[in-house]
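Please keep the sequence and the 3D view at hand while reading.

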Amino acid sequence: IKCNDDVTYLFEKQSQVKLSLAQGVTYYISVSAYQGEKGTLIFNANAVNPLTNDDLANATDIPAATQLYRKVQTTVGATLEANETAASCGTNNASVWYKYTPSATQKVVLDALGSDYYTIITVWMGTQQPFTEIGCHQNTFDSDFDQTLSATLTAGTSYYISVTGNPSPDKPDGETGILTLNARFVPANDDLANAIPLDTIPYTHTQTIEDTGEEPKEALPSCGFLPHIPTVWYRY
């Protein structure tokens, strides 16, 4: 039905196949060693969400107070609405939409790593078109595949996130395929002003510190030696 021995996007040296399966049919999947290699196998299977967020009015809601968000969906058949605001970082077509309203002021880090086509991710603010662009990132063959889009979002404000496909000579309406949208929400206590109070001792708190960093003029600890040290704050 389908076979792949090396995914080319992100320069990863792993296999990946995407295909539609018919209801009631039994399929067998084989995983083979490339050139006889041996080791530990990690096999992942994911269902792909259908295209339901083609229009702004049907934007997919990202839950508030989320630290990590990931959605895999098809964008085949996605279109560009007549009044869509153009992104500043590239010609955008074949768009899908997400909506997020943070419960606290926070930074969001977005990427489309795992998608099988080149994308433009844009964060917008406003209630209707034309929107105000907050940030934009275009992923192309010549760009850094690990590059992400970061934006600081204000509590209580609704933001729209569009992911569009880059047009190509054979697909002037924009590339489509399988989209993987990843969103990581940096905790508010990344900044000193939002330090979490320790009301009681003993105290335990679990959180991610991915994508956190130093504030301007923040002194580095004397026992650290890296130029970038992920930092979160507490107060007592």
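## Architecture

Helices (H or I, at least four residues) and strands (E, at least two) are DSSP runs, numbered from the N terminus. By that definition, the protein chain has zero helices and eleven strands, and its order along the sequence reads β-β-β-β-β-β-β-β-β-β-β.

This is a predicted model, in which local features need pLDDT of at least 70 and side-chain atom pairs count only at pLDDT 80 or more, while totals for chains, interfaces and linings use all residues. Residues are numbered from 1 along each chain as its sequence is written, and side-chain values use heavy atoms, with hydrogens and water left out.

## Dimensions and packing

Along the principal axes, the C-alpha atoms of the protein chain fill a box of roughly 60 × 55 × 40 Å. Of its 236 residues, 37% are buried (under 20% relative accessible area; exposed is over 50%, partly exposed in between, with a 1.4 Å probe and protein chains only).

Contacts are heavy atoms within 4.5 Å. Among those between residues at least 6 apart in sequence, 70% join residues at least 24 apart.

## Surface and charge

The protein chain has an accessible surface of about 14,700 Å², 53% of which belongs to carbon and sulfur atoms (Shrake-Rupley method, 1.4 Å probe). Positive side chains (Lys and Arg) and negative ones (Asp and Glu), with His and the chain ends not counted, number 12 and 26 respectively.

Valine 17 lies in the segment before strand E1 (60–61). Because its relative accessibility is 40%, valine 17 counts as partly exposed.

Notes. The place of a charge is taken as NZ of Lys, CZ of Arg, CG of Asp or CD of Glu.
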